[in-house]
Amino acid sequence: MDYGSAEALKNIVTVLSLRKFKEEREKFVTVALYDAQMAAMAERCGVEVVLVGDSLGMTVLGYDSTLPVTMDQMIYHIEAVARGNKKSLIMGDLPFMTYADSAQAMSNATRVMQAGAHMVKIEGGAWLCDTVKMLSERGIPVCSHIGLTPQSVFKLGGFRVQGRSDEQADTLLKDALALERAGADAIVLEAIPSELGKKISDALSIPTIGIGAGAETDAQVLVINDILGLTPKPPKFSKNFLVEADDIPGALKKYVNDVKEGRFPDDHHSFK
């Protein structure tokens, strides 16, 4: 089957689509990108989920971390992506300190949804359960994000793999289960050992989206800059797919196909 084609997106992708993918054990693909043209290309190449991440702070705006990214900057890029892509599910990040309390989370999540996103993503563990519950009850789909959470990079002591000790792994599993109970519709697992990625994915009924979490998560996500080899010092879990393709659409299709067929990520792009 040619997964890298518009046939993979005959219907608009929704939250229910993601649950069905997990139930049927069908891998789906996520790409973090930031503009209308690339969003349209992702749709044509069969990318089910597009993430407008606060990673744009480092990939587009030249910051050293995601922390300086503002709501206005996020809204600008979400609107651009929504204009370019009409079939993929669009996920929008809430940036640093824009969901510190329930009222703030509701206000900013509303802005993200009104800009064209279909789901909001927030970083943090069980302490966010009340916020996830509130947003979910009000009809806002939520993707949680645990493991390496870039907005907490200074608290974590840098971009470090999480969950390597038994205690850390147990905490992350408990966080994932609590967030699911609170109403999260998906969970990003970033930079954790492959074994833990599988354990959490098996324990949840909602889909997991891995980035440096091994091959056994329900989906994979990479930043478009990493897929195209634009990152000067790419992380271990990323791969330059452009070197194996003739052009940018070919690189995206290669990424889609390799995830769907289980060729990516391999041990070289995972953590033990």
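Mentor: Gladly! Let's start with a term: a residue is buried under 20% relative accessible area and exposed over 50%, and partly exposed in between. Keep in mind that this is a predicted model.

Trainee: Thanks! Is Arg263 buried, exposed or partly exposed?
Mentor: The relative accessible area of Arg263 is 45%. The cut-offs are 20% and 50%, with partly exposed in between. Therefore Arg263 counts as partly exposed.

Trainee: Which residue does Arg263 meet in a salt bridge?
Mentor: The two side chains come to 2.9 Å, N to O. Salt bridges that share partners also join Lys239, Glu244, Lys254, Asp258 and Arg263 into one network. The partner of Arg263 is Asp258.

Trainee: How far apart are the closest N and O atoms of Lys133 and Glu137?
Mentor: Both residues lie in helix α6, four residues apart, about one turn of the helix. Lys133 is partly exposed at 42%, and Glu137 is exposed at 52%. They form a salt bridge, and the closest N and O atoms are apart by 2.5 Å.

Trainee: Now the strands: how many residues of β1 are buried?
Mentor: Take the two faces in turn. On one side, Phe28, Thr30 and Ala32 are buried, and on the other, Val29 and Val31 are buried too. The strand spans residues 28–32, and the buried count is five of five.

Trainee: In β2, which residue is the bridge partner of Ala32?
Mentor: Three bridges join β1 to β2, and the two strands run parallel. In β2, the partner of Ala32 is Leu51.

Notes. Residues numbered from 1 in each chain as written. Predicted model: local features only at pLDDT ≥ 70, side-chain atom pairs only at ≥ 80, totals over all residues. Heavy atoms only, no water. Buried < 20%, exposed > 50% of the residue type's maximum accessible area, 1.4 Å probe, protein only. Pairing = 2+ DSSP bridges. Salt bridge = Lys/Arg side-chain N within 4 Å of Asp/Glu carboxyl O.
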